[in-house]
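Me: I've got a model open and I'd like to learn how to read it, feature by feature. Could you walk me through it?

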Amino acid sequence: MAPFSKPFSESNPIKVMVVDDSAVIRGFIVKVLGECPDVEVASIAQNGLMAVNNLSKNRHHVVLLDVEMPIMDGLSAIPKLLAAQPDIKIVMVSTLTTENAETSLRALELGAVECIAKPTSTQDIYSKDSFREGLLRVIREIVGAKSIPTARTSEPNRSSPSSAPLPRTIPQT
């Protein structure tokens, strides 16, 4: 597979795969990233096996990976993802990263480059700005991209969750 070119922009976005068994969390992360002009959610997967199969077919810059999932959990998927694409940057996004330091350390030992906590409540989801900023900072830092502070559209109406711009088409594996 050919290496990616830099710099990242709306015409050359950072390609991200979101891997989580929760449709709510996948949708939330897709929505958050869909507001960023230099990031494209190129694919989503419901478990580690689907992620490995997808990465074997399509190059990505970053995988956002949950820990606990059916069929293949995140920790089991890390070495397989790295075997499929050795330069992939894996970020663990899980509630276990805050509740269990041992899980985070194990993920880092296996090859993840960062561990961040995903929102755990409705309140966390609706106060998404701190999660969004932290997630974008991590994504951009690990791929060496410069921050692009502007969103694809004007500021979304916070009173209506459906008012945010729709993300690009996402193939589900």
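Me: Let's start with strand pairing: in β3, which residue is the bridge partner of V19?

Reply: Two strands count as paired if DSSP finds at least two bridges between them. Here, V19 has L65 in β3 as its bridge partner. Strands β1 (residues 14-19) and β3 (residues 62-65) run parallel and are joined by 4 bridges. The strands are DSSP runs (E, at least two residues), as are the helices (H or I, at least four), and both are numbered from the N terminus.

Me: Before we go on, what should I know about the model itself?

Reply: It's a predicted model, where local features need pLDDT of at least 70 and side-chain atom pairs count only at pLDDT 80 or more, while totals for chains, interfaces and linings use all residues. Residues are numbered from 1 along each chain as its sequence is written, and side-chain values use heavy atoms, with hydrogens and water left out.

Me: What is the strand order in the sheet?

Reply: The order is β2-β1-β3-β4-β5, an open sheet of 5 strands with parallel pairing. At the edges sit β2 (39-45) and β5 (114-116), each pairing on one side only. From one strand to the next, the twist averages 25°. For angles, axes are lines fitted to C-alpha atoms (for helices, over the stretch in contact), and values run from 0 to 180 degrees between N-to-C directions.

Me: Which strands does helix α2 lie across?

Reply: Helix α2 (residues 48-57) lies across β1 and β2, and runs at about 155° to β1. Contact here means heavy atoms within 4.5 Å.

Me: Now salt bridges. How many does the structure hold?

Reply: Side chains of opposite charge can pair when their charged atoms come close. The cut-off is a side-chain nitrogen of Lys or Arg within 4 Å of a carboxyl oxygen of Asp or Glu. The structure holds 7. One of them joins R140 and D38, at 2.7 Å from N to O. R140 is in helix α7 (residues 129-143) and D38 in the loop between α1 (23-34) and β2, so this pair ties together parts 102 residues apart in sequence.

Me: Are R140 and D38 buried or exposed?

Reply: Both are buried, meaning under 20% relative accessible area; exposed is over 50%, and partly exposed is in between (1.4 Å probe, protein chains only).

Me: And how far apart are E141 and R137 in helix α7?

Reply: They're 4 residues apart, about one helical turn. Their closest N and O atoms are 3.5 Å apart, in a salt bridge. E141 counts as exposed at 53%, whereas R137 is partly exposed at 45%.
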